[in-house]
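Student: I am new to this structure and would like a close look at a single part of it. Please take me through that part in one connected answer.

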Amino acid sequence: MLHGEELDRVGIDGWLEGYQRKELLRILTCGSVDDGKSTLIGRLLHDSAGVFEDQLKALKKDTTRFGTTGEEIDFALLMDGLQAEREQGITIDVAYRYFSTPRRKFIVADTPGHEQYTRNMATGASTSDLAIILIDARKGVLAQTRRHAFICSLLGIKHVVIAVNKMDLVEYSQDVFEAIRRECSEFLGRLSIPDVHFIPMSARRGENVVGRSETMPWYQGAPLLDYLETVHIAGDRNTIDLRLPVQLVLRPNLDFRGFAGTIASGLLRKGDEIVALPSGRRALVKQVFVSGAEREEAGPGMAVTITLDREIDISRGDLIARPNNAPMLEHAVEAMVVWMNEAALAPGRQYLIQQCALQAPVAVTDLRYKIDVNTLKSENAEQLGLNEIGRIRMECAKPIGADPYVRNRQTGAFILIDRMTNATVGAGMILDRTPAEQSLDRERRSHDAGTNLSPHAGSVTPEQRAARVGQRPFTLWLTGLPRSGKSSLAHALERTLFERGLQSVVLDGESLRKGLSSDLGFSVRDRAEHVRRASELARLLNDHGQVVIAAFVSPTAEQRESARAVVGPERFLELHCNASLEACEKRDTTGFYARARSGEIANVTGVDTAYEPPTSPALALDTVGASIDANVARILALLESRLLIG
Amino acid sequence: MTTLHLSHLEQLEAEGIQIIREVVAQFEKPVMLFSIGKDSLAMLRLAEKAFAPGKLPFPLLHVNTTFKFKEMISFRNDFVKSRGHTLIEWINQEGVQSGITPFNAGTQRYTHVMKTEALKQALSHYGFDAAFGGARRDEEKSRAKERVFSFRDRFHTWDPKNQRPELWNLYNGRVAKGESIRVFPLSNWTELDVWLYVYKEQIPVVPLYFAKPRPVVNRNGTWIMVDDERMPLEPGETPEMRSVRFRTLGCYPLTGAVDSQATNLREVLEEMLRSRTSERQGRVIDYDEAGSMEQKKKEGYF
């Protein structure tokens, strides 16, 4: 028994000290019932002494009742938990097992290999550092092997061991092993798993599991347990980007106001300047408590409470970051989703999102494609069923301070909750959506329309242009009834930004209609085209580092949504110039409304065409009661809070 | 410079704190089950840390079967008082009036009435919508798949087939009226982790965990302590004084002691490291029938 041997060597005090320094490694095991996965884990537990004598006794009894190994102890039975499942002979959920060696403690998430249980595998993978994918040497690479590797990659597992098991049944053939290795490497190359290891083994005989195998002298690498004990995982932590999602505000007394949460990534020190999102307020860190004790600094994974040097508004669901390194606040998010419910996901449906401590309503606006997990090909889909994986776009009622999952496994992850049943129905990973990728999307769309465009290699990127100009480009989209004050506000804002050293361009309906849109009238179709041209222009200007202030009636939510999609949701802010029709008519000195009322002109928004006010604008501005200066000030505050201007 | 790398124990601690805070944020009326054992004490320490320098934002609940060791009750009273926590004690009065004991009713029926039923009564009486328990996944097979947030319907029952997927550290605590959850902040701890934590944090524990000469009788190969006069002795049975300790604590007639000379935590740990049996062996409750824990959990047991 390992603990006993170690104890003899170092004594109890040495042991206690060593134990407190042990690292934790979370492992996912994937494979089907027949690959010998449960046997492998049972073997790891047994050979590293994670199995006690009384459990072993119970196991021997179970072996004769349920076992499939005859006289030998069926280690698989250690793993299958619930009684009903034991009788069925399969594991149908995620089960967690624990064992430790002198160096590390291991948590093993065991998940089944059945096709319909993608859900369980994703669950186990979400918290794992490393995955062991089992392959039966006799069967080689199967569709499920690809599926497992894909899910591991999707869920951000950085270390994968391909355990080629049952080598005893292929006469320990190196050729068999090498053929499997070659086949795996081919498809693993298309996934993003940085560290892959191949180990030939026989779990049933314990070869290359804990001890070396005598039977495969051609294998020079370490046995599985050695690898698990030494694989370097400390580098997987993100210590760069400070992200502290606020779980709770602690107010035990009037003098103490602490913000409690677990650091998702980055470092936090006393005296650091932080910014709270979405408010954008800044403060200095006064105290840092780690697990209740005051410290100088804290790092990823620590449960902290911090206090600040001044009172700023922070509540549960907010995110603490650094002023020069904060995520974009997004209403619209692109993500990969693993669907976990019988009721399918379809565009248009609404759910609740839970991301860090934030819970808010979201609407899925688009199902871009689903992925066939066996071939890894994407295909069009109307909906996403149980255990299917697809890419969606969704819009959230509150802005989400999110990082791409590939950069942050905490702030980039979310679950979707059914609002009626409260069930957890989906798990999502936020995608990195750079402006370049958006252009690619558009090119794909243009491609469908018959134009073939491809980006020129080595061309200057929008990021480089923005850096040259020295400002963050964005588009403020002002929508509202005719004469609601959009253009006046747009020009006043341009002047203010100009004085702050920012370059911006005002696009408004009237000036565009004199040139770019001079061929267009006011039919529904022409209006949509007008808005499309305006959005394309805004995109181009943004791509070239310019700030755009766009003032367009853009009466329908659909038009504004398409503008948001063209410009790119992360740099598009919708502002509603809110003025009643009555006020607009009163303010109109050109006789525009009067002519509409008399029927002289048609298709006038508010008169004979409906205006759909935005349901969740970034700002709703009172353009009747409030002064232009006051509205400009509100817009500036918004831009500062989004860190778009300094 | 403090170390910014977390050991496994520190990671488990941080995970537990995050879970406890999440429950307080998402639920209206949580309660923490306090069984006086080492797991409860470790869990309570996590809760204290989660809300430091403030007090716990929830009470502790002890379901007293009336057959707990005397030393447990006195420890409980002193401990709770010294830490300034609020404790609710619940005894199933119907059970007491019916005169049920582990001796006359059999362990299954007794546990059901005085533990499971009592717990459900207490949760319903106070309207608690979340209850923390110190159970760990490594304790028993059916616990290995238990969620951290374990969903219970309005009858407090558990449906192993209908639990929510739990990914990352995102816990969906939304419940309909009358429904509740059981929460296990120590899910990923092992028995050894708990002891190491008690050692590292110098958490006081009930002295029954340490060896001392105690009056015991041998029943079915297990040492049962004669803690008071309610324990009926079999013909010819006389309690003998043996140096024993307990690996788990519960109702004295149902909890077996082990021979031991370990009188402090360091010695207990050494003894445990060299031992080859799991802690639940001392518990009579699991051995009634195969899958018995699973059955009890379905009925509302923790």
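In which loop of chain A is Ser484(A) found?

Tutor: This is a predicted model. Ser484(A) sits in the loop that runs between strand S24 (475-479) and helix H12 (486-499) of chain A. With a relative accessible area of 0%, Ser484(A) falls under the 20% limit, so this serine counts as buried. Apart from neighbours within four places in sequence, the residues in contact with Ser484(A) are Cys577(A), Ala579(A), Cys584(A), Arg587(A) and Thr623(A).

One of these contacts, Cys577(A), leads on to strand S27 (572-578) of chain A, which supplies at least two residues of the lining of the second largest cavity. Strand S17 (329-339) likewise supplies at least two. That cavity has a volume of about 130 Å³, and the structure holds 7 cavities of 30 Å³ or more. Its lining is made up of 17 residues, with Leu329(A), Glu570(A), Phe572(A), Leu573(A) and Arg642(A) nearest the centre. By class, 9 lining residues are nonpolar, 2 are polar and 6 are charged. The cavity lies between domain 3 (329-434) and domain 4 (462-641) of chain A, because both give residues to its lining.

As for confidence, chain A has an average pLDDT of 85, and 88% of its residues score at least 70. Confidence is highest in strand S22 (residues 413-417), at a mean of 98, and lowest in helix H10 (residues 435-448), at 42. Over residues 435-455 of chain A the pLDDT stays under 50, and the model has 23 contacts beyond four places in sequence for them.

Conventions: Residues numbered from 1 in each chain as written. Chains lettered and ligands numbered in written order. Predicted model: local features only at pLDDT ≥ 70, side-chain atom pairs only at ≥ 80, totals over all residues. Heavy atoms only, no water. 1 Å grid on protein atoms, 1.4 Å probe; cavity = no way out; pocket = protein on both sides within 12 Å on 5 of 7 lines; lining within 4 Å. Points joined across faces, edges and corners; volume = space filled by probe spheres on them. Helix = DSSP H or I, 4+ residues; strand = E, 2+ residues; numbered from the N terminus. Nonpolar A, V, L, I, M, F, W, Y, C, P; charged D, E, K, R; others polar. Domains from an automatic or database assignment. Buried < 20%, exposed > 50% of the residue type's maximum accessible area, 1.4 Å probe, protein only. Contact = heavy atoms within 4.5 Å. pLDDT = per-residue confidence, 0-100.
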